[in-house]
Amino acid sequence: MTLRAGVLAVQGDVSEHGDAIERAAAAHDRTAEVVEIREAGLVPDCDVLLLPGGESTTISRLIHREGIAEEIESHVDAGKPVLATCAGLIVSATDAQDDRVDTLNVIDVSVERNAFGRQKDSFEAPLDVTGLDEAFPAVFIRAPVIDYVGEDVEVLAAWDDRPVAVRDGPVVGTSFHPELTEDPRIHDLAFFDSVES
């Protein structure tokens, strides 16, 4: 069975996320058809969605202008899985602490942008993630930090006692960039428990 995976392609690590979901699907003897989403009308046909990093203010503006935001919200309302990374997490939050970001309100968290520093402060860290047997090599680049978590949100991982990966219903959000490693386990965690059940 082929999984139709939509990758929001207005900005960010589009090809890297496409490669990661293909690796995760292959581990389950499945194939993934990657669809790059730049306009409305494509999200409703997707089984899963990936919201990459980039510049959260730009992503927010473009998805609302193009009519994609409402489709993402409907996708989540239907219980379909989403993986939102870095800026994707910021855009998905209920509170981005920035009036320039019109959020999707699909993860009940408050997020502080660039909390781990600027580009020069990027780092990789072995992260213990709920549901994974071994540490995940998390790559943090201008990473946000989650400073409030709603009562129905599960914290999957923390770094320096600060949440950096969460699950809210069908949506998994990470402060880090799992697509920048060869390790598909975060994509696997976000998607395959849901689509195979």
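These legends describe an overview and several close-up views of one predicted protein model. Residue numbers start at 1 along each chain as its sequence is written, and side-chain values use heavy atoms, leaving out hydrogens and water. In this predicted model, local features need pLDDT of at least 70 and side-chain atom pairs count only at pLDDT 80 or more, while totals for chains, interfaces and linings use all residues.

**View 1. Overall fold of the protein.** Five helices and 12 strands make up the secondary structure. Helices (H or I, at least four residues) and strands (E, at least two) are DSSP runs, numbered from the N terminus. The radius of gyration is 15 Å, close to the 16 Å of the globule rule for 197 residues, so the protein is as compact as a globular protein of that length. That radius is taken over C-alpha atoms, and the rule is 2.2 Å times the number of residues to the power 0.38. Along the principal axes, the C-alpha atoms fill a box of roughly 40 × 40 × 35 Å.

View 2. The accessible surface comes to about 8,600 Å², and carbon and sulfur atoms hold 42% of it. Areas come from the Shrake-Rupley method with a 1.4 Å probe; for residues, only the protein chains shown count as cover. Of the 197 residues, 53% are buried. Buried means under 20% relative accessible area, exposed over 50%, and partly exposed in between (1.4 Å probe, protein chains only). Among contacts with a separation of 6 or more, 69% join residues 24 or more positions apart. A contact is a pair of heavy atoms within 4.5 Å.

**View 3. Salt bridge E36–R38.** The closest N and O atoms of E36 and R38 are 2.7 Å apart. A salt bridge here is a side-chain nitrogen of Lys or Arg within 4 Å of a carboxyl oxygen of Asp or Glu. Side chains of opposite charge can pair when their charged atoms come close. E36 is partly exposed at 38% relative accessibility. R38 is also partly exposed, at 47%.

View 4. R65 and E66 meet with 3.1 Å from N to O. R65 is exposed, at 57% relative accessible area, whereas E66 is partly exposed, at 30%. D183 and R185 form a salt bridge at 2.9 Å, N to O. D183 is buried at 15% relative accessibility; R185 is partly exposed at 23%.

**View 5. Aromatic pair F123–W159.** The structure holds four aromatic pairs. F123 and W159 form a tilted one, 6.4 Å centre to centre with 35 degrees between the planes. The pair links distant parts of the chain, 36 residues apart: F123 in strand β7 (residues 123–127) and W159 in strand β10 (residues 154–159). Rings of Phe, Tyr and Trp (its six-membered ring) pair if their centres lie within 6.5 Å; planes under 30 degrees apart are stacked, over 60 edge-to-face, and the rest tilted. F123 is partly exposed, at 24%, and W159 is partly exposed, at 25%.

View 6. F136 and F176 are tilted, with 5.9 Å between centres and 40 degrees between planes. F136 lies in strand β8 (residues 136–140) and F176 in the loop between β12 (171–174) and α5 (185–195), so the pair ties together parts that are 40 residues apart in sequence. F136 is buried, at 0% relative accessible area. F176 is buried too, at 0%. F123, F136, F140, W159 and F176 form one aromatic cluster.
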